[in-house]
Amino acid sequence: MTEFKRISPEQAQSLRSEGGVIIDIRDPNSFANGHVTGSTHLDNQSLPDFIATADLDQPLIVVCYHGNSSQSAAAYLVGQGFSDVYSLDGGFERWQQAFPQETEQGDPS
């Protein structure tokens, strides 16, 4: 894959069940107030370590607020060598509507 793909929450849920990793690029407070269960918070400080330790071939789903910022982040991650990158259409807002049982609260770790 030379570019990222946009996917729906339903497609993301399917990909996640097959081992896809969900990263959330929203601010720490928004992440703490609610995020996709099991997702990883990613910001400018944690990005270098994430890239250094991640499996570049594992599917990666990028989540933001509404699906706009995640597209830029997904394109950046493709440029960093990730081969299977997706942007979640509608962001966390749409995920939360589709899968309210698959959200949790808590501070980024």
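Predicted model: local features only at pLDDT ≥ 70, side-chain atom pairs only at ≥ 80, totals over all residues.
Local features need pLDDT of at least 70 and side-chain atom pairs 80 or more, while totals for chains, interfaces and linings use all residues. Residues are numbered from 1 along each chain as its sequence is written, and side-chain values use heavy atoms, with hydrogens and water left out.

**Exercise 1.** Work out how the rings of Phe50 and Phe82 are arranged, and which parts they tie together.

*Solution.* Start with the rule: rings of Phe, Tyr and Trp (its six-membered ring) pair if their centres lie within 6.5 Å, and planes under 30 degrees apart are stacked, over 60 edge-to-face, the rest tilted. Next, the geometry: the Phe50 and Phe82 centres are 5.9 Å apart with planes at 15°, so this pair is stacked. Then place them: Phe50 lies in helix α3 and Phe82 in the loop between α4 and β6, so the pair ties together parts 32 residues apart in sequence. (Helices, H or I of at least four residues, and strands, E of at least two, are DSSP runs numbered from the N terminus.)

**Exercise 2.** Find the salt-bridge partner of Arg26 and decide whether Arg26 is buried or exposed.

*Solution.* A salt bridge needs a side-chain nitrogen of Lys or Arg within 4 Å of a carboxyl oxygen of Asp or Glu. Arg26 pairs up with Asp24, closest N and O atoms 2.8 Å apart. Now check accessibility: buried is under 20% relative accessible area, exposed over 50%, partly exposed in between (1.4 Å probe, protein chains only). Arg26 comes in at 5%, so it's buried, and Asp24 is buried too, at 1%.
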